[in-house]
Amino acid sequence: MSLHDLNWLISHSEPKATKMVKYLREQGISHDELLALMGSLPRHEFVEPAFSHLAYSATSLPIGRNQTISQPLTVARMTQWLLTHARLGRVLEIGTGSGYQTRILAHFFNKVHTVERQQWLYLQAKQRLLSMGVKNVEYLFADGQTGWPHKVEMDAVIITAMASKIPLALTGCLKQQGILIMPIDHPSPQIGCWRKEGERWKCLGTEPAFFVPLLEGLEHA
Ligand code: SAH
């Protein structure tokens, strides 16, 4: 994306979105294309309607069924880690939620595989992204702890719900040198980025953040 396109996108964004981008930049998000994308996406369409006026604020918000969308800085940080460290081939996302993070991943990765255990959220997010013309996403209504059902190796795995331990199926489907992004709650709630190096995991960064828990089984609409 050229600097001209970037400036055009930002100048045509909602004023609240422009302020959000300024805040993200101040907090160390420097990837121009990511900032332009977040500045141009209608984040208010991803949250519960009663909270749409807060969609561009530095806060997590309800998306229905007691789940939340992460605050913009957390989304931006996770994505910037991926853009810095991962091969942008295939990514597996556990916790589709509103589809906001999925939409951003779909912009940068060739293929996004996303899993959601809450049927209502799964249906809403799929419908929302299809109506936005997003084509490179495969959606699955399942418990994501068992990974993606077909044997495909991922360049990155991003888990957007807090687990007490890493589900082995998820690390197993990651390629060597692949990138894992997941929340951990020890010693305090945070999100981290790791690279798979043989049997070891190299930590590439962490940042304080809160997430809803990774749950077992399915919840039907
Ligand atoms: N990234 C989302 C927000 C995620 S909130 C967004 O941008 O809106 C976490 C999501 O993970 C919730 O939608 C929750 O239902 C889902 N989730 C929790 N446990 C899960 C599991 N085992 N498998 C798949 N999805 C799960």
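**Backbone exceptions, a buried helix and nonpolar cores**

Gln177 is partly exposed, its relative accessible area being 49%; with a 1.4 Å probe and protein chains only, buried stands for under 20%, exposed for over 50%, and partly exposed for values in between. The model is predicted, so local features need pLDDT of at least 70 and side-chain atom pairs count only at pLDDT 80 or more, whereas totals for chains, interfaces and linings use all residues. Residues are numbered from 1 along each chain as its sequence is written, and side-chain values use heavy atoms, with hydrogens and water left out.

Gln177 lies in strand β7; helices (H or I, at least four residues) and strands (E, at least two) are DSSP runs numbered from the N terminus. Most residues other than glycine have a negative phi, and most peptide bonds are trans. Gln177 has a positive phi, near 70°. A positive phi of about 55° is also found at Arg65, which is not a glycine. Arg65 is placed in the loop between β1 (61–64) and β2 (67–69) and is partly exposed, at 38% relative accessibility. The peptide bond from His186 to Pro187 is cis, with omega near 0°, and Pro187 is in the loop between β7 (174–184) and β8 (190–197).

Gln118, in the loop between β4 (111–116) and α6 (119–131), is buried at a relative accessible area of 2%. Apart from neighbours within four places in sequence, Gln118 is in contact with Arg65, Phe141 and Glu219, contact meaning heavy atoms within 4.5 Å. The side chains of Gln118 and Glu219 make a polar contact at 2.8 Å. Such a contact is a pair of N or O atoms within 3.5 Å; within protein, one must be able to donate a hydrogen and the other to accept it, and residues adjacent in sequence count only if both atoms are side-chain atoms.

Helix α4 (residues 72–85) has 14 residues. Because 12 of the 14 residues of α4 are buried, this helix is largely enclosed by the rest of the structure. Among the buried residues are Arg77, Gln80 and Trp81.

The largest nonpolar core has 49 residues, of which Met38, Leu82, Ile104, Phe109 and Ile181 touch the most other members. Helix α4 supplies the largest share of this core, 7 residues. A nonpolar core is a set of buried Ala, Val, Leu, Ile, Met, Phe, Trp, Tyr and Cys residues joined through side-chain atoms within 4.5 Å. Residues up to four places away in sequence not being counted, Leu82 touches Leu88, Leu105, Phe109, Ala156, Ile158, Ile179 and Ile181. A second, separate core of 17 residues includes Trp148, Val157, Ala161 and Ala163.

Key
Expected span 1.5 Å × (residues − 1).
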